[in-house]
Every structure is written in structure tokens, then in C-alpha cells.
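I opened a new notebook page for this structure. My looked-up points follow, in short entries.

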Amino acid sequence: MSPYEENGNVLILGGGYAGLAAAYRLGRHGIPSTLIEAQPKVGGLAACSTIDGVAVEHFYHHIKPEDGHVISLIEELGLGYGLHWADTRMGFYIDGSFHPFSTPMDLLRFSPLSLMDRFRFAWGVFKAKRTEGKTLEGMNAEEWVVREWGRSVYERIMRPMLMNKFGIPPAWISAGFLQGRIKGLSSAKSSARGGEQLAYLRGSLQTLTDRLEEEIRNTCHIRVSTPIERIDTSPDGFHVHSGDEEFTAPFVVNTLPLTVFESIRKNFEFRTSIQYQAVACGVFSIEEELTPLYWINILDDDVTFRVFVNQSRMDEYSHPIVYCANYLRADDPLFRRPDDEILDLYIGSMKKMFGRVTLREGRLFRSRHATPVFDRDFAARTANLDDCVPGMVFAGNIKVYPYSRTVSSVIGTGFAAADRILEGSRP
Ligand SMILES: Cc1cc2nc3c(=O)[nH]c(=O)nc-3n(C[C@H](O)[C@H](O)[C@H](O)COP(=O)(O)OP(=O)(O)OC[C@H]3O[C@@H](n4cnc5c(N)ncnc54)[C@H](O)[C@@H]3O)c2cc1C
């Protein structure tokens with residue numbers, strides 16, 4: 001049997017949403033594929049598990065109005081009825097106190113900044129929305145924020161927030177990337193009460209993953225629990241090895257973290273200098289709701305996590321579900337601790353913030369490759385990725401820059417990778 005008949009035209013490496021989307025688009029055009037995933041189930045960073053009897057994402061996930069690819073896919077697969085838009089409000093927890101931060105009135109009352117800095121902040125956001133990203137070429141995020149918001153706003157709010165979000169000093173992040181994120185945030189649909197409207201697929205993204213899996217099953221051979229250990233090339237195409245098994249095909253859609261790919265490619269050259277951040281995220285079912293806010297940024301060194309997400313604002317659960325999470329470097333001592341120790345630290349910090357917390361169930365989820373570090377040279381260092389290995393197209397988080405890394409944007413990269421292969425595979 002030829003490699004083509006055995007594995008289809010295309011091997012898809014990784015079964016997150018980029019890989020699933022590529023399989024879906026190829027299948028729609030009648031191109032068979034094999035998708036290879038290391039974990040026992042597909043879904044990747046958007047995978048879900050059952051906590052206290054309800055399905056939830058391992059890492060908090062919401063959908064924004066601009067997330068066109070995922071919204072269209074949900075509708076196309078007949079799941080639109082489950083998409084629920086909620087009014088959400090966010091805030092800060094700074095040195096022991098809560099500060100709501102969703103409305104102009106919240107900003108006026110925001111005591112961590114002086115009155116002058118509150119106006120500077122509002123003016124900075126107004127200007128950021130009207131700035132052309134291209135005009136910030138060569139400038140880093142620290143230089144830009146200090147120029148637009150002033151040093152005190154930068155030190156008090158922006159620097160710790162950016163460190164929480166990206167885990168690297170703002171001087172390493174490109175100003176254009178940050179400006180794009182701020183523009184995206186501030187153009188989000190506002191709710192009648194001044195917060196942000198965000199959507200959630202009721203019953204969790206597992207509903208979409210299951211439906212997608214069902215849809216692609218006829219054209220895509222899905223192999224889970226199959227960690228790829230080696231990739232070679234030959235005139236037959238690519239040879240992907242896992243244990244005693246070998247998969248061969250002329251084309252590959254590669255959604256693996258680039259560092260993983262670099263370590264498993266064997267008889268051809270590929271080098272990357274892209275780094276990844278890790279995440280350690282606790283998801284808890286608790287007895288009583290702790291806050292009306294959906295999202296809280298933590299700027300308090302006595303709290304061991306940096307973001308608190310009140311998932312109960314998004315779906316109906318018999319008991320509230322909350323997330324506590326940290327983006328970290330993989331060599332951070334916290335990331336190296338066992339799950340139960342991290343969970344205990346997170347529970348202790350929740351008690352510090354909210355007083356009494358009665359826990360029903362808690363689990364820790366972590367990923368060594370939660371996100372690429374989008375530093376200043378990221379665009380240049382990933383510009384020619386698809387020209388590196390003939391026959392291999394890259395998709396996933398590595399291809400979303402300068403847009404946010406979301407389920408929706410990686411679906412877009414999966415579609416684009418499939419289209420490129422469809423172009424290349426025509427006689
Ligand atoms: C904490 C957190 C919160 C987030 N919140 C949101 C949100 O609110 N909204 C939103 O839209 N997005 C959110 N995201 C982003 C979203 O989850 C990702 O952008 C998306 O899931 C990435 O999909 P992907 O297919 O590119 O990568 P992944 O999901 O990482 O898929 C890659 C796959 O490759 C597999 N793999 C790795 N190595 C091997 C190997 N050797 N062999 C075989 N398989 C391998 C992995 O197991 C994985 O399944 C969040 C992410 C995180 C971490």
C-alpha cells in the first residue's frame with residue numbers, strides 16, 4: 001500500500017484547534033488526512049474535563065465578538081443555539097483591595113492612580129485606539145506606554161499587568177503588538193452596564209470539539225495517545241514516528257510548539273529561537289459565589305496567582321466554578337512544584353482575598369507551551385516559516401501574530417494551512 005492510501009495526503013501534527021480546523025477544511029475538499037495527537041483526547045489548550053460533575057475548559061475560555069472563525073464554525077456545525085453572550089465586568093485586586101474597572105465611573109474612582117493619572121490613562125487608551133500599529137515599528141512596549149501614559153501609570157498599573165499577562169519585561173514586547181491588543185480590547189462590544197460582552201458556548205468547548213471530531217471522522221484518521229518522537233524526510237515525503245508506528249505522507253500541517261518540533265526533526269535542518277511560556281491554572285468548584293466580577297487582575301505579591309476568573313458569570317452551574325492562574329517561565333520554582341502544593345497555595349490566596357472559601361473540588365492543569373513569547377523580533381523570526389521545510393505548512397499560535405492567540409485565530413491558521421496544501425496538491 002502506498003503511503004498516500006495508508007495515511008491520506010496529509011499528516012496533521014497536533015490535535016488542538018489548529019489541527020482540527022485543518023482536518024475539517026481538507027475533509028470538506030475531499031482530501032484525507034491523519035491527525036496525530038500525544039494526549040488521550042483532542043482539544044489541546046482548549047481541552048475540557050469534568051469538575052464536580054460539569055464539563056469545563058482546563059484553562060478559562062471566552063469568545064469575543066471579533067472571533068469570527070469560531071463563531072462561524074459553531075453556527076455551521078449547528079451549535080449556535082448554545083452560544084450565550086454575557087455582560088462581564090473586570091477589576092483589579094491591588095495590595096489587599098478590590099477595584100472594579102469597567103466603566104468611566106470605575107476609572108474616576110480608581111484610587112491606586114492619582115486623579116491626574118486617571119485622566120492620563122483614559123487619554124492614553126483613546127489615543128491608542130487611533131494609532132496606526134505600523135507607526136510604532138522598532139519601539140518597545142515600555143517606551144510606548146511611558147510616552148503615552150506617563151511613568152507613574154506605567155509603574156503602578158501597566159508594568160505589573162504586562163508582566164502578569166506576558167511574563168516578560170515590557171521592554172522585550174513590541175509596541176505594535178501591545179497597541180493591537182489594546183485596540184482590540186477597547187473596541188469590544190460594551191454591555192448596557194458598561195462592561196464587556198463576552199460569549200461562552202454553554203456546556204463548554206467540549207461540545208464543539210465533539211461535534212468537530214464527529215464531522216471530520218469520515219475523512220480524517222484521528223490518532224490520540226500517539227506522541228510523535230521523530231520526523232524524517234525522504235523522496236516519499238515525511239515519515240513521522242511514534243513508538244513502533246510510522247506514518248508517511250507527502251504533506252504535513254505542523255501545529256506543534258516549535259521547540260518540540262526542533263527536538264524531534266531528524267534528517268533535515270530546522271532551528272528556532274522562539275520561546276514559550278508555561279501556565280499553571282487551578283479550577284475550583286466552590287460553595288458560594290465570591291464576587292460579581294468576571295475577571296480580576298491581581299497586583300499583590302502576597303497572592304500566588306495573577307488572574308482570577310469567575311466562570312459562573314458565563315454559564316449556569318449548580319455550584320460556582322472559578323479559575324486561578326499564572327503564566328510562568330518553565331523554570332519558575334512555582335511551576336516545578338507538585339499539583340497539590342500549587343493548589344494549596346492558590347486556595348490560601350483565595351482565602352486571603354475573599355475570606356471564607358468552601359471548596360468542593362479543585363484540579364490543577366498546566367501546560368509547558370501555553371503561548372509563544374511575542375517579543376520584539378517575533379515577526380521577523382517567524383516570517384519565512386512555511387519556506388523552511390518543503391511540503392510542510394505551519395499553523396497554530398505561532399501564526400497568529402500580530403493578532404491575539406485565540407481559538408478563533410488558530411482556527412483561521414488551520415484553514416489557511418489547509419488552503420495552502422490544497423493549492424500545492426493540485427495537479
Ligand atoms: C490560560 C489560557 C487561557 C486562554 N483563554 C482563551 C480565551 O479566553 N479565548 C480563546 O479563544 N483562547 C484562549 N486561549 C488560547 C487558546 O486556547 C489557544 O490559542 C488554542 O487552543 C491553541 O490551539 P493550537 O492548536 O494552536 O495549539 P494547542 O492547543 O497547543 O495544540 C497543539 C497540540 O499538539 C500536541 N502535541 C504537542 N507535542 C506533541 C507531540 N510530540 N506529538 C503529538 N502531539 C503533540 C499537544 O498535545 C496539543 O494538543 C487561552 C489559552 C490559555 C493557555
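Which residue in β12 is the bridge partner of Phe 238? I found Ala 249 there.

The model is predicted, so I noted the limits: local features need pLDDT of at least 70, side-chain atom pairs count only at pLDDT 80 or more, and totals for chains, interfaces and linings use all residues. Residues are numbered from 1 along each chain as its sequence is written.

**Sheet.** I traced an open sheet of three strands in the order β10-β11-β12, with antiparallel pairing. Strands (E, at least two residues) and helices (H or I, at least four) are DSSP runs, numbered from the N terminus. Two strands pair if DSSP finds at least two bridges between them. β10 (230-234) and β12 (245-249) are the edges, each with a single partner strand, so one side of each has no neighbour in the sheet. Strand β11 (residues 237-242) pairs with β12 over five bridges.

**Helices.** I then looked at α6 (residues 141-149) and α7 (residues 151-166), which pack at about 140 degrees with axes 9 Å apart. Axes are lines fitted to C-alpha atoms, for helices over the stretch in contact, and angles run from 0 to 180 degrees between N-to-C directions.

**Ligand.** I listed 34 residues around the ligand; Gly 14, Gly 16, Gly 44, Gly 396 and Thr 406 come nearest. A residue is near if its C-beta atom, placed from the backbone, lies within 6 Å. I saw that α2 (17-28), β14 (276-286), β18 (359-372) and α14 (407-425) each supply at least two residues of this shell.
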